[in-house]
Amino acid sequence: MKISVRQGDLMKARADLLVVNLFEGVRRPSGATGAVDQALGGLLTELIGEEHFEGKEGETLLVHTHKKIPAKRVLVVGLGKQSDFSLEGVRRATAHSIKKAKLIGAKTVASILHGTGIGGLDAERAGQAMVEGALLADYEFVKYHAEGRQKATRSEVKEFAIVVADADKAKAATKGIEKGEILARATAYARDLVNEPPSVATPRHLALYARKLKVTSSKFKIEIETFGEKKLEQMGAGGILGVSRGSDEEAFLIHLHYHPSRKASADKSGGKPTKKVVLVGKGVTFDSGGLGIKPWEAMIGMKNDMSGAAAILGVFSVLRELKPDLEIHGVIGATENMLGGKALKPGDVLTTMSGKTIEVLHTDAEGRIVLSDALTFANRLKPDEIIDLATLTGAAIVAVGELYAAAMTNNEALLGRVKRAAEASGEPIWPFPLPKDYADYLKSDVADLANITKNKGAGGTIAGGLFLQEFVDKIPWVHLDIAGPVFLEKEHAGYLGKGATGFGTRLLLEYLTNH
Ligand code: BES
Ligand code: ZN
Ligand code: ZN
């Protein structure tokens, strides 16, 4: 899809489909939608009444223009209630209109810049959100479909033009669409990695993908190190190695490092990047549960257990274009959780890279074991902040459902900033406590820590967070348990299809570039 901003008159736009909008409950369109209505002799107003079009989110009304304007058809897309309206509304309205365009075989689409009229949104941000909505709605994972099937389900939108009358707004929107395209591409990169079958997307596959992200330029550097099992043994990474024991695939700790050049950041901060952030990701490429094997229904979808890692790789895949003035590290613990003859046994004790020992009471609580080493590696980089993303607990899905991530922290100010980035990106998070009073959740008789609580089921997500906290030094840290929103069983919001969502990618990029 070729996306552009065109400065000009909407009424003169030549396209198979022209997209305008309406807030919920509005009977008489005004603004750009009103102008199109007038050009069509009041047809929109008439149909809004007759078809009982209410303007709810995702609702659409399609009309032929019968050559009254150059566009062949007009689509009115509902924005929902004006009082609830935000950038997320722009993303969704655009996504729904692209879906509809594909359905009716429109190859060229022209659209108004949603939300910048009475919606009152900033043109740059609205442009960005529109592109995110359009490109993410267009995403499909069809690599393993027969060719005929691809053709049957896909009508491509070739050109998508956002038409803006005002020159300043057009300029701002153009800036926004560039960023939106980058963020959507990073998200698609993460989605692809997650959607790939688990015997393809192995720990080695993640390491190979990471290595491809190496860049050297005069403005910045991206360096990649991958540590295989021999190296991990030297490092004392008993956590990752322990989980990996039941698997025939080699485990890797992947370290990505983005550094802007002295010159690039010199203007703002006298030669040093403004701060150092470490992103840590769970990269369990398949979680069978180990000897504490999952029932088959629960095991379906466990290829998604590397979604945290995928989001971080997605982020790094576009840093060369966004060039933020920060030092950014990615640390990924990549392994399978399988049940070969050497697999972890309940009761085993592991010595982690930090020196702390873990009693493995449940082989299916493997994510926190893997992350113990990844977090120790992160501490040693002496960062200002650590943010980890992990599909850690099914309990998080029970608590906040399939759209929210559960967030835990040792630093409210950092969480506040991450939450604002989450809101801006439309990838919502919700705070959970890490109470000192629950310290006995992790007591072990034989090791420093046990990997599950013995009080069955209570506070499962919090227990995961408390466990991870044991491996974080006095550094501001946010843990995002993303078990719910990384994967959807049914479409949502127009731009989140079935399967991998790439959750976290846009949130992190928004955080790194704006917060
Ligand atoms: N990868 C799972 C968590 C998960 C569940 C992610 C569903 C996505 C969807 C994790 O490794 C796990 O199995 N956690 C256990 C922890 C328990 C044994 C304390 C769980 O949630 O049941
Ligand atoms: Zn597990
Ligand atoms: Zn897992």
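Q: In which sense do E12 and strand E13 pair, antiparallel or parallel?
A: In this predicted model, strand E13 covers residues 357-359, and E12 covers 349-351. Three bridges join E12 and E13. One place to look is Thr351, which stands opposite Thr357 in E13. The sense of the pairing between E12 and E13 is antiparallel.

Q: Which strands stand at the edges of the open sheet of three strands?
A: The order of this open sheet is E12-E13-E17, and its pairing is mixed. E12 and E17 (449-450) each have a single partner strand, so one side of each lacks a neighbour in the sheet. The edge strands are therefore E12 and E17.

Q: Where is Leu339 found, and is the residue buried or partly exposed?
A: Leu339 is found in the loop between strand E11 (327-337) and strand E12 (349-351). Together with Leu291 and Ile293, Leu339 forms a nonpolar patch on the surface, with about 250 Å² of accessible area for the three together. Buried would need under 20% relative accessible area. Leu339 has 36% relative accessibility, so the residue counts as partly exposed.

Q: What share of the accessible area of ligand 1 does the protein cover?
A: Around ligand 1 there are 15 residues, and Lys294, Asp305, Asp364, Glu366 and Gly394 come nearest. A polar side-chain atom of Lys294 lies 2.8 Å from an oxygen atom of the ligand, and one of Glu366 lies 2.8 Å from an oxygen atom as well. Asp305 places a polar side-chain atom 2.9 Å from a nitrogen atom of ligand 1. On its own the ligand has 510 Å² of accessible area, and the protein covers 75%.

Q: Which lysine meets Glu366 in a salt bridge?
A: Glu366 is in the loop between E13 and helix H13 (367-380), and its partner is in strand E10 (residues 276-287), 84 residues apart in the chain. Both residues of this pair are buried. Their side chains meet at 3.1 Å, N to O, and the lysine is Lys282.

Q: How many residues apart are Arg125 and Glu510, which meet in a salt bridge?
A: The side chains of Arg125 and Glu510 meet at 2.6 Å, N to O. Arg125 is in helix H4 (residues 123-138) and Glu510 is in helix H17 (residues 505-514), so to speak of the pair is to speak of distant parts of the chain. The separation is 385 residues.

Q: How many salt bridges does the structure hold?
A: Some residues are linked in a network of salt bridges: Glu57, Glu88, Arg91, Arg92, Glu132, Glu427 and Arg506. For the structure, the number of salt bridges is 28.

Note on methods
Residues numbered from 1 in each chain as written. Chains lettered and ligands numbered in written order. Predicted model: local features only at pLDDT ≥ 70, side-chain atom pairs only at ≥ 80, totals over all residues. Heavy atoms only, no water. Patch = residues over 30% accessible without salt bridge, like charges linked within 9 Å, V, L, I, M, F, W, Y side chains within 5 Å. Areas by Shrake-Rupley, 256 points an atom, 1.4 Å probe, with all protein chains shown as cover. Salt bridge = Lys/Arg side-chain N within 4 Å of Asp/Glu carboxyl O. Helix = DSSP H or I, 4+ residues; strand = E, 2+ residues; numbered from the N terminus. Buried < 20%, exposed > 50% of the residue type's maximum accessible area, 1.4 Å probe, protein only. Near = heavy atom within 4 Å. Polar contact = N/O pair within 3.5 Å; in protein donor to acceptor, adjacent residues only side chain to side chain. Pairing = 2+ DSSP bridges.
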